[in-house]
Amino acid sequence: MAVLTLPHDTAALPGAPASYWRTVGWRLSRDPATLIAGGLLVLIALSAILAPWIAPHDPNTGSIRSRLAPIGAPSHPLGTDEQGRDMLSRLLYGGRMTLVAGITPVVVGFLVGTVLGVIAGYAGGVVSTVVMRTMDIFYAFPAVLLAIAISGALGPGLPNTLIALSIVFIPRVVRVAESATVQVKGLEYVAAARASGAGVPQILRYHLLANVLGPVLVFSSTQVSLSIILAAGLSFLGLGITPPAAEWGLMLNTLRQSIYVNAWVPALPGIAIFLTSMAFNLVSDGLRDAMEIRT
Amino acid sequence: MWAYIGRRLVLAIPTLLGASIIVFAMVHLAPGDPIAAVMPVDASKEQIDAVKKAYGFDQPLPVQYLKWLGRVATGDLGRSIATRRPVILDVRDALLNSLVLAVSSSLLAFGAGIALGLLAAFRQGRALDKVSSAVAIVGVSVPHYWAGIILIIVFSVQLNWLPAMGAGLDGGIVEYLRHMALPTIALGLIPLGVITRVVRSAALDILAQEFVVALRAKGLARRRVFTHVVKNAAPQIFTVLGLQFGFQLGGSVLVEAVFSWPGTGYLLNLAIFQRDIPVLQGVILVLATFFVLLNLAVDVLQTLVDPRIARH
């Protein structure tokens, strides 16, 4: 659960700037692991965005004569897949799908979950019971099982993957947002605002949200790596992105049979998923430490 | 305390009912007709209607749900559309195989994770602590299905030491154990990372408390201080172990798919592609029930160990 830490008095830190966000930025600038991971993320994002301009080949055109070329083959630096398609180009294009399928559900979860959680936390009573009990039901399923079950029922395709994963992440964000709201709601300054005549919208907008968003944002950022692993995992099972599109999990799936021919080319899409997910984990760890929020 | 445990038990009922509604609704979310998938394309309208009637698909949804729930309550999960076998039998066999894998991977991950986490906490900032942080971050970041493929490439394809597929059910206990080895490692990676991390931070929290300083100040041997720390960190660690064990059972779908391990995940995967709705429902329902009951058991045991929890 999120333990809320209000912006600190940072005067004690020598050389530290005054405002909370500047302190956070100052701490991040002194955290090499987070900086390197952040740089890696920027690189991954750029290579996905720029794929059409930097990919050496068309990701979907192969040649039967150059199937399963090894890493370092001429004109195919990362080899080719089972249909003779250039691996480097497919990995670049694949990042687009994996990143979209992995990040969108967390963004949806963050938006919907924050609204539901703040409403439940602030209203309390029956509203809170109904919302939170409904969310508890989704906790009856481990995340992997819930995602696979929903997309198994809905069928393959990007929209269904996004729906299935959003359903996984909304309840998680709701719990964090609700518990943070309840904590902040009890603080004296909120009572003071209410006493001085602030309406519910003002309290939510100016007094609550700023202090609830921190923990929720940090929590959501920790979920991105899981979401990417799950999104690629669904495609790996044949439930997510459909062929012939390039997507890291799907590439891992179609290349699986080829490990007996060329062992290491099939490992590449997994390395891409691994690096991306690790970079997101390191950045969210750094963010959590810098913002002094415990989740 | 008993009132608290009683309330937890009662609260599990709506959760289970809710889960059953989700499982039931899942099938009706599915595009297309569940019957169309199994009927030949040239089946007549009458034939389709007859099959629908036989499965009860012609009745309104709430009626279908209540009838289904009634049958489920008596242990009847229906028959597989693909094999005509009672679903409960398939699920039972698969659950046993999944449990074996969940237990073996949990033992591996819990043992290694607790040891690594505690050692890291007592050697904070030293080389071993760095190793433990690396294990923790890799464990939670690695796509375990990919790790499974890497294990197959190394130990089955390159070294030819261990089998890559199936459970070796006909080959006796040694073959079964040999088939278990790689999926156990692949499935143990995530909990290894999570537990290393949680144990380290729990132990560090305790180490920072004043009573530990007092214990050290009075000259207590390091080993005795260690015992105090472990005892105080135990409740928090215990909760995480319980949750992780549940995740192992429900989360093994991808690993079972990689290794064709005949567990619930493999059965679920098969059911999805054959659009075998009763099997799909049965597997998910059984796993969800198991997961809820396991969480409940963890809660209750925790309250028994540490009665302060009931007061919150």
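**View 1. Ser260(B) in a loop of chain B, in a predicted model.** Ser260(B) is partly exposed, because 15 other C-beta atoms lie within 10 Å, a count between the 12 or fewer of an exposed residue and the 20 or more of a buried one. The loop that holds Ser260(B) runs between helix 10 (253-259) and helix 11 (264-273) of chain B. Phi of Ser260(B) is positive, near 45 degrees, and the residue is not a glycine. Most residues other than glycine have a negative phi.

**View 2. The cis peptide bond between Pro243(A) and Pro244(A).** Omega of this bond is about 5 degrees. Most peptide bonds are trans. Pro244(A) is part of the loop that links helix 9 (200-236) to helix 10 (248-255) of chain A.

**View 3. Val63(B) in helix 3 of chain B.** Helix 3 of chain B covers residues 61-73. Val63(B) is exposed, because 10 other C-beta atoms lie within 10 Å, and 12 or fewer count as exposed. Lys52(B) is eleven residues from Val63(B) in sequence, and their C-alpha atoms are 15 Å apart in space.

**View 4. The contact between chain A and chain B.** Chain A brings 36 residues to the contact and chain B brings 39 residues. On the side of chain A that touches chain B, two or more residues come from each of helix 5 (125-138), helix 6 (143-154), helix 9 and helix 11 (268-291) of chain A. Helix 6 of chain A gives the most to this side, with eight residues. By class, this side of chain A has 26 nonpolar, seven polar and three charged residues.

Key:
Residues are numbered from 1 along each chain as its sequence is written. Chains are lettered from A and ligands numbered from 1 in the order in which they are written. This is a predicted model: local features need pLDDT of at least 70, side-chain atom pairs count only at pLDDT 80 or more; totals for chains, interfaces and linings use all residues. Helices (H or I, at least four residues) and strands (E, at least two) are DSSP runs, numbered from the N terminus. Two residues are in contact if their C-beta atoms, placed from the backbone, lie within 7 Å. Ala, Val, Leu, Ile, Met, Phe, Trp, Tyr, Cys and Pro count as nonpolar, Asp, Glu, Lys and Arg as charged, and the others, Gly among them, as polar.
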